[in-house]
Amino acid sequence: MSKPSRLLDQIIKSGRKLLLEPEAKTVCQDYDIPVTRFKLAKNEEEAVKYAEAIGFPVVMKIVSPDIIHKSDVGGVIVGVKAVKEVRNSYKEIMKNVAKHKADAQIVGILVQEMAPAGTEVIVGSTKDPQFGPALMFGLGGIFVEVLKDVTFRIAPITEAEACEMISEVKAYPLLKGYRNTPPADLKAIAKILTNTSKMVMDYPEIKELDLNPIIVYEKGAKTVDARIILE
Ligand code: ADP
Ligand code: MG
């Protein structure tokens with residue numbers, strides 16, 4: 001039986017362990033997980049062309065197998081609003097990366113649609129040595145990093161279990177909406193969780209998956225950063 005992601009099949013076959021952001025996002029698309037539109041530019045001219053095709057504002061990011069945390073090395077510039085800024089940002093990212101990680105192999109610069117502000121959540125998967133793949137859910141930023149407000153389930157999960165996961169984090173009231181913040185699309189989050197569950201069940205080769213962050217709106221959600229590591 002053939003599996004849903006030809007790209008992931010190929011990478012597994014090649015023996016490579018780390019998927020680049022555009023690769024991880026393509027695998028997400030194979031599982032119906034919404035991601036920001038993106039194009040991989042190999043030079044400044046391509047970056048300009050792709051930014052115009054995607055439409056301003058765009059986000060530009062370094063793509064390198066040697067750089068896992070892109071913003072730590074000045075490898076992410078958001079809110080790029082015009083051709084001139086694309087050119088400056090391209091040079092700026094290359095300069096930052098050369099300064100912080102001179103020996104990094106550079107694949108290119110990912111030009112992508114800038115997702116509007118919304119509520120940031122994260123979906124992750126790690127492998128439990130005894131129970132296999134587990135899924136993780138939480139709200140982004142301080143909720144995960146400082147408060148460790150996250151919840152776990154062993155995969156596979158049903159839609160009902162995905163909804164349970166969402167409602168059991170302490171920050172859940174924020175997703176339900178408060179003051180000026182509209183309620184977030186809980187169905188869209190649940191669907192991302194169940195689709196991620198399918199992915200990690202189909203591919204036991206996935207050691208770690210991180211959709212961080214996913215920006216959630218009143219209607220719909222968009223994954224703006226994706227990382228997949230294979231065993
Ligand atoms: P890192 O490798 O540092 O985690 P990210 O791709 O997550 O890099 O980018 C850093 C931050 O920039 C994200 O947490 C998010 O807040 C913002 N960001 C990245 N991509 C986008 C995008 N397409 N639209 C809007 N914001 C983005
Ligand atoms: Mg990230």
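Student: Which strands each supply at least two residues of the shell around ligand 1?

Tutor: They are β3 (58-63), β4 (76-80), β5 (108-113) and β9. Keep in mind that this is a predicted model.

Student: Which residues come nearest to ligand 1?

Tutor: There are 18 residues around ligand 1, and K61, K70, S71, A115 and D225 come nearest.

Student: Where does E120 stand, with a polar side-chain atom 3.5 Å from an oxygen atom of ligand 1?

Tutor: The E120 value is 3.5 Å. The rule says within 3.5 Å, so E120 sits at the limit.

Student: How much of ligand 1 does the protein cover?

Tutor: On its own, ligand 1 has 540 Å² of accessible area, and the protein covers 81% of that. The space taken by ligand 1 is also the largest pocket.

Student: What makes N212 and D225 donors to the magnesium ion?

Tutor: N212 (O) and D225 (OD) coordinate the magnesium ion (ligand 2) at 2.2 to 2.4 Å. Donors must be N, O or S atoms within 2.8 Å of this metal, so both qualify.

Student: Why do we say that this pair ties parts together?

Tutor: N212 lies in strand β9 (residues 206-216), while D225 lies in the loop between β10 (221-223) and β11 (226-230). The pair therefore joins parts that are 13 residues apart in sequence.

Student: Why is D225 called buried?

Tutor: Its relative accessible area is 18%. Buried means under 20%, so D225 is buried.

Student: Why is N212 called partly exposed?

Tutor: N212 has 32% relative accessibility. That falls between 20% and 50%, so N212 is partly exposed.

Student: What about V169, buried or exposed?

Tutor: V169 sits in the loop between α6 (159-168) and α7 (172-175). Its relative accessibility is 4%, under the 20% limit, so V169 is buried.

Student: Why is helix α2 described as largely enclosed?

Tutor: Count the residues. Helix α2 (residues 21-30) has ten, and seven are buried, so the rest of the structure largely encloses this helix. Among the buried ones are P22, A24, V27 and C28.

Student: What happens just after α2?

Tutor: There D32 takes a positive phi of about 65 degrees.

Definitions and conventions. Residues numbered from 1 in each chain as written. Chains lettered and ligands numbered in written order. Predicted model: local features only at pLDDT ≥ 70, side-chain atom pairs only at ≥ 80, totals over all residues. Heavy atoms only, no water. Donors = N, O, S within 2.8 Å, 3.2 Å for Na, K, Ca; no water. Helix = DSSP H or I, 4+ residues; strand = E, 2+ residues; numbered from the N terminus. Buried < 20%, exposed > 50% of the residue type's maximum accessible area, 1.4 Å probe, protein only. Near = heavy atom within 4 Å. Polar contact = N/O pair within 3.5 Å; in protein donor to acceptor, adjacent residues only side chain to side chain. Areas by Shrake-Rupley, 256 points an atom, 1.4 Å probe, with all protein chains shown as cover. 1 Å grid on protein atoms, 1.4 Å probe; cavity = no way out; pocket = protein on both sides within 12 Å on 5 of 7 lines; lining within 4 Å. Sits in = over half its atoms within 2 Å of the grid points.
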